[in-house]
Amino acid sequence: MPAYAILGAQWGDEGKGKIVDFLSEKADVVARFAGGNNAGHTVINDQGHFSLHQVPSGIFWPQTLSVMGSGVVVDPPSLLDEISSLKNRGIDVEGRLLISERAHLIMPYHIELDQLSESAKGDNAIGTTGRGIGPAYADKASRNGLRVSELLDLDALKPRLKETLEHANALITKVYSGKPMELETVFNKCKEWSLLLSPYIGAAEDILHERLEGNQIIVLEGAQGALLDLDHGTYPFVTSSNPTIGGASVGLGLHPSQIAGVIGVFKAYCTRVGGGPFPTELTGKTGDRIRDLAQEFGTTTGRPRRVGWFDSVMANYSSKINGYSSVVLTRLDVLDGFDSIKVCVGYEFDGKRINRLPGGQGVLQHCEPIFEEYSGWDKPTAGATSFAELPKQAVDYVMRLESLIGCPIDVISTGPKRQEAITRRSIL
Ligand code: GDP
Ligand code: IMO
Ligand code: MG
């Protein structure tokens, strides 16, 4: 009964979409367990170039069932758009997408509250995606949330919506001086979503267990990344869910013993979108060069991503809390042509060296990176499909990262397309 989790190991956008698509050839199910349409997963394969936000990236393999688990927050209008755009491009979704009845809904007032709260924070804004993620998870935690199953019983939904909307409107008007939302307007949207989404709603957790009992292969698709984790990331500059391995278990109702492998996806350098500490950030020409070369702009919001050297202190913490059994290194090709490449191997804080990730962001934001420097390579790695093709300096770089992360790098991705990858050891 093997389930394999594929997790973002840094601050998101590591290339999870590409890797889930690449590794899912033998998968029977691909299941998202956390986050919502804050995610943007790019897949480039024979069927085209796709940006997925809620639908799992396994949808392109015809044998797979795509599941959105209880830990996901669902934004119905954007999910419906995503479904129709996939259908228009010839991807069969009917009968192949299952949304957990236990997943929570992102409501229009969550989106409004996310945006109002961000503008009220001014310079201290988190830099959220503005998709209502934080307020939706906050309502879930405070027992004011609405679940997907409630779309199946509109008569029971209406009084619940009335109550939650009164609460949301009080925040919108009294805290943020915004405009209240009308019950009928929001309820009419729910009616429309109920009609269009009903065929996809079901007992996702039971079905996952049946599939595992039938010895099928399940890929658990992470969104965001370890350092955006609500508990373990660079709080408060994090998302509102747990993109780490515990979140995979909770967000799909699987027990840890059912997860046979934990695959951490790392970029060969680092990026982050939004605010928060980033010790290895490159603010000058080198950063601009990487951003331009790699087109580091958000898949969801189009914002330029902040760019920095690989941070092995962060990588180590990410590895510690997730227990990776395999690492996938992406975007090695982006570093082609650099004279030298740096890797952070420790921090200096207050004149002292520290080798662990500090929990307090007051400390972290004053940490200076201690770098090791390696010579770059002049032969390209782009598009390589065998380890033997890599120039010696690229091999040395990969081997150094492997020892710093403390886990074998089993796959190296050398380009955005499905086939642009080197498999050193088979993962699934
Ligand atoms: P995700 O959120 O982790 O799925 O990552 P995104 O899709 O948001 O961002 C990763 C970007 O890197 C996308 O534009 C991918 O097409 C691209 N990508 C993935 N792997 C590679 C790689 O090995 N090399 C290059 N050059 N691009 C890659
Ligand atoms: P994928 O799955 C990169 C970041 C936002 C912001 C913080 C909180 O594509 O890797 P939120 O809207 O979640 O409340 O924003 O988290 N963030 C991401 N950054 N990739 C993502 O997803 C992200 N999802 C959220 O930029 O800093
Ligand atoms: Mg992304």
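This is a predicted model: local features need pLDDT of at least 70, side-chain atom pairs count only at pLDDT 80 or more; totals for chains, interfaces and linings use all residues.
**Entry 1: location.** I first looked up where ligand 1 sits, and found it in the second largest pocket. I then listed the elements that give two or more residues to the shell around ligand 1; they are α1 (16–23) and β3 (41–45). The largest share of that shell comes from α1, with 3 residues.

**Entry 2: neighbours.** I counted 18 residues around ligand 1. Those that come nearest are Lys-16, Thr-42, Arg-331, Asp-333 and Ser-413. Sorted by class, the shell holds 9 polar, 7 charged and 2 nonpolar residues.

**Entry 3: polar side-chain contacts.** I looked up distances from side chains to oxygen atoms of ligand 1. For Ser-413, which is among the residues that come nearest, a polar side-chain atom lies 2.5 Å from a ligand oxygen. For Thr-299, I noted 2.9 Å between an N or O atom of the side chain and an oxygen atom of ligand 1. For Arg-305, a polar side-chain atom lies 3.2 Å from an oxygen atom of the ligand.

**Entry 4: cover.** Lastly, I looked up how much of ligand 1 the protein covers. On its own, ligand 1 has 590 Å² of accessible area, and the protein covers 92% of it.

Key
Residues are numbered from 1 along each chain as its sequence is written. Chains are lettered from A and ligands numbered from 1 in the order in which they are written. Side-chain values use heavy atoms; hydrogens and water are left out. A residue is near a molecule or strand if one of its heavy atoms lies within 4 Å of it. A polar contact is a pair of N or O atoms within 3.5 Å; within protein, one must be able to donate a hydrogen and the other to accept it, and residues adjacent in sequence count only if both atoms are side-chain atoms. Accessible areas come from the Shrake-Rupley method with a 1.4 Å probe; for residues, only the protein chains shown count as cover. On a 1 Å grid over the protein atoms alone, a cavity is a set of points where a 1.4 Å probe fits but cannot get out, and a pocket is an open set with protein on both sides within 12 Å along at least five of seven lines; lining residues have an atom within 4 Å of a point. A molecule sits in a cavity or pocket if more than half of its atoms lie within 2 Å of its grid points. Helices (H or I, at least four residues) and strands (E, at least two) are DSSP runs, numbered from the N terminus. Ala, Val, Leu, Ile, Met, Phe, Trp, Tyr, Cys and Pro count as nonpolar, Asp, Glu, Lys and Arg as charged, and the others, Gly among them, as polar.
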